[in-house]
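Good morning, and thank you for coming. Please look at the sequence and the structure on the screen while I go through a few points.

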Amino acid sequence: MNRREALKNTGLAVGYSLSAGTIAAVMNGCKAPTGTEWIPSSIDEDTIDIIAEVAETILPTTNTPGAKEMLVHRYVDEAISHAYGPKHKAYILAGINNITADLNDVAEGDFMHLTGDAKLDAVIKMEELADAFNAKLDAKKAAEKAKNIEINGPERAGAMVHTEPDEFRHYYSDLKGLIIAGYFTSEKIGTEVLAYDPIPGDYDPCMVMSPGQKAWTH
Amino acid sequence: MLFNSKGREEVTYDAIVVGSGISGGWAAKELTDKGLKTLVLDRGRNIKHGEYPTANWETWDAPLNGRNDYKEQMEHYPKQSRTGYTTSQYTKHWFVKDSEHPYNEDKRFDWCRGYHVGGRSITWGRHVYRWSEMDFVANAKEGVAVDWPIRYKDIEPWYDYVEKYIGIQGTKEGLAQVPDAQFMGSFSLNCVEQHARERIKKSLGWTMTIGRTAHLTKPHKGRGKCQNRDRCIRGCPYGAYFSSQASTLPAAEVTGNMTLRPFSIVHSLIYDQATDKAIGVNVIDTETKETFEYYAKVIFLCASTIASTSILMNSKSERFENGMGNDSGELGHNLMDHHFMTGATADVDGYDDKYYKGRRPTGFYVARSSNLDHNSKKDYLRGFGYQGSASRSGWGRAVAELKAGPQFKDLMGTPGKWRMGMTAFAEMLPDHRNQMYLDYEKLDKWGIPTVTFDCENKENEMAMRADMANNAAEMLDASGFNNVQTYDNIGGPGLGIHEMGTARMGRDPKTSVLNANNAIHAVPNVYVTDGACMTSSACQNPSITYMALTARAVNHAVDQINNNNI
C-alpha cells in the first residue's frame, strides 16, 4: 500500500486532527525496499562491513534496534554518493576507504576482531582525533576571517559562485554525522523509538516531561 | 487591431490581473467580488488547493532522507539554493530552475522565484507585521529618497479588512512601531521564551512577543485550523495558513467572474496614445510559444517586484521610450530587500523537566528598539526586529562526555538542553544606485530580455549590523542564558526574499512611478500593487502590506471605472 496515497487527502477534512494511532495504523506494512543483494556505489566493497561495524558500535543494538539492523551503512553510502561536491566527496571517500588502517592504529590491533568495550574505545579515540583536527582547522579559519575583516571590513555580500573549500573537517566527523542522521531519520526509529506525533493538533508550550520522555520525531 | 470584431470581444475582460501570488490573488478576489469579469494570468502551471505533493512526507519518505542532491543543486538551482532551504527535497518544486530561468548579476542578488499559480504565497514565511506611522513618515523626516504619498491612517482600515479575511494570530502589545492587528487568536511562547520575555522587558525595556503569523487557530471561512505540523512551506492540506490557493483564488472562483490562464507570460502592456491608457496585454503561451492579446479596462500588475517592473520596462511605445510609466527615470531603481543573517545564540540551563508538544509554526518576535525616539537615537537610520525561538536540541547535538555506545544512543533519543537563537531583520534604505535593468542581448527561451541586478548593502545597512548582533547577545545575556555567541553570515540582497521598490509610489510624477493609489501617474488604469510599489522597506515582513495596498487599490480602481474616469 502506498502511504502517500492513503494520507493524501487527510488534511482536506478540515477542523479536526487524526490521532497518531490512526496514522500509525494506516502506515503499517509500508517499508522502504531493502533488497538482500546490495553493493555500495561509492565506498569500497571491502570497507563497507567495517562502516557497518563502526555504526553499530556508535549505535548498538539494545532493547531498540542498532545501526546495522537499520542498514545505516547503506544510507551513508547513498548520502556520500549524492549529497557532496566532488572535492568533498573525494576527500571523505579517501578517509573512509582508509578507515581500517586508522582504526587499527588507534586500537593498536585489528578493530574487527576486538572484543568487549575495545571497539567502543577505538571509535571514541577516533572521534577525539577528529575533534582535535577540527579544532585546529576552525581556529585557522576564524583567524583568516578576522584578518580578512581587519583588512577589507565586514563582508557586504557572500560569494556569488559556489566553490568548494580547499580544506575540510575530519572525515570521521562527517561519517559519524551521517551514521546518526541515517539512524534517526529512518522510518522504524522515527515511528517506534522516538516520540512520533505527525499531526499534533494543538500546541502545548510548556509540557511537563514524563519519565523516559523521548524526543519528538521531526 | 480589430476593434469591433467578435474575436476581440472574446478576449476582452473588465480587468486583467498579472500574477496570482499574494498580491494577484487579492486583486483577483476583490475585482471579482465587485462584479468585474477578470482574467488572471500566471506564467506557471496551475496548482489547486491540496495539490501539495510533499505535504505529508516524513523524513524517510524523502529522497536521501531529505538531503539535497549536490549535482542537481549545482546544475539546476545554483542561485535558488543560496538560501539553504528553498530547494530542499520537500520544496524544490515550488522554486524555479535557474537553468531554465536565468538572470544576471553585476553584484550578487539572490532572486528566489516560484513560477506557478499561487506563486510565493505557498512558500512565504507567513509573518504579518503592520507598518506604523513612523515607517510612512521616515523618508520625509530624514530627507531620504521621496516621501510616501500615504500615511498609516490611509492603510489602517485596509489592514483591518485583509487581516479579518485571512485570519491571523498574535498578541496585542500596544506598540507604536508595530501596531496591534485584528488577531483571531494566538499561539503561546514556550516556557523558556516566556522567561526571556519577562527578563528582557525588565532589563532592557524591549518587547518579545509571539511571532504574528497568518495561521488559523480556529476554523475560518471553510479553512481548517493549524495542526502544528510546521510543514507550511510544502503547502498546507488544511489551508491553515493564508495562501492564494487556500483563500483568495477559491473566493474569486466562486463568483463566476474569474478566468484563470496559467502558462501565460505577459510580455508587455499595450498602450493606446489616443486615450493615454493601457488597453491590454501581450501574452506568450509558455508551452506553445503562441502569442495572444487580451484587453481590459484596468490592469493590475502583481507579478512580483522584479517581474512587474520588467514588464513595464519591456512595454515601450512612442510615448514611453524607456518603459511604461518611466517619465521619472526611477523605474528599476531603489531596489530593496531586508538584510539579516546576523544575531546570537545561547545555551539555557534549567527547565530540564519542561518540553513542548507540537511543532508550532512560528517563533517569537522582538519589536524594533532603535531610533524610536530621542532616547533610542543611533548613528544609523531606522532599525530592525528579531525573529527566533527556544527549543530543546535533538539527535544532532554534540555531547562532550559521551560519543558512542548504548548510553549515547539512548541519550540521543531524548530531548537535549534548551537553546535559544534569534536573527535580526533590518531595514534597507532606498538608494537610486541600487537597481535592476533588462539585458536585451541575453534573451530567455521565450525571447524576453533577462534581468540584471546591480544592488548592494550600503553604508547605513553596514552601520547597523554590529547592533543587530550585539542587541541579540544582550537580550540572551539579560535572560541569564550561557555561552552567548553572535554570528554574522551576510548573504546577498534578495536572500530575505522581500524584494521591494523599483516602481515606487510618490507624490511627484517627476520622481516616482506610482501615485497614492498605486496607479501609474501617467497611465491611470495600470495599478502595481506588489513589492515594486514600496517607497521604503521598513523592517517588517512586507506581505500583509501588499495585501492591504492591493485591496485599497482595487477599491479605488472600481470607483474610477464606475465614475467613467478610466
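Predicted model: local features only at pLDDT ≥ 70, side-chain atom pairs only at ≥ 80, totals over all residues.

Along the sequence, chain A runs in the order α-α-α-α-α-α-α-α-α-β. That is nine helices and one strand, where helices (H or I, at least four residues) and strands (E, at least two) are DSSP runs, numbered from the N terminus.

Residues are numbered from 1 along each chain as its sequence is written, and chains are lettered from A and ligands numbered from 1 in the order in which they are written.

Of the 218 residues of chain A, 28% are buried. A residue is buried if 20 or more other C-beta atoms lie within 10 Å of its own, exposed if 12 or fewer, and partly exposed in between, with C-beta atoms placed from the backbone. Taking the chain A contacts between residues at least 6 apart in sequence, 64% join residues at least 24 apart; a contact requires C-beta atoms, placed from the backbone, within 7 Å.

I turn now to chain B. Which phi value does Phe263(B) have? It is near 55°, positive in a residue other than glycine. Phe263(B) sits in the loop between strand E7 (258-261) and strand E8 (264-272), and is partly exposed, because 18 other C-beta atoms lie within 10 Å.

Ala538(B), also not a glycine, has a positive phi near 45°. Its loop lies between strand E20 (523-528) and helix H11 (543-562) of chain B. Is Ala538(B) buried or exposed? Ala538(B) counts as buried, because it has 30 C-beta neighbours inside 10 Å.

Key
Contact = placed C-beta atoms within 7 Å.
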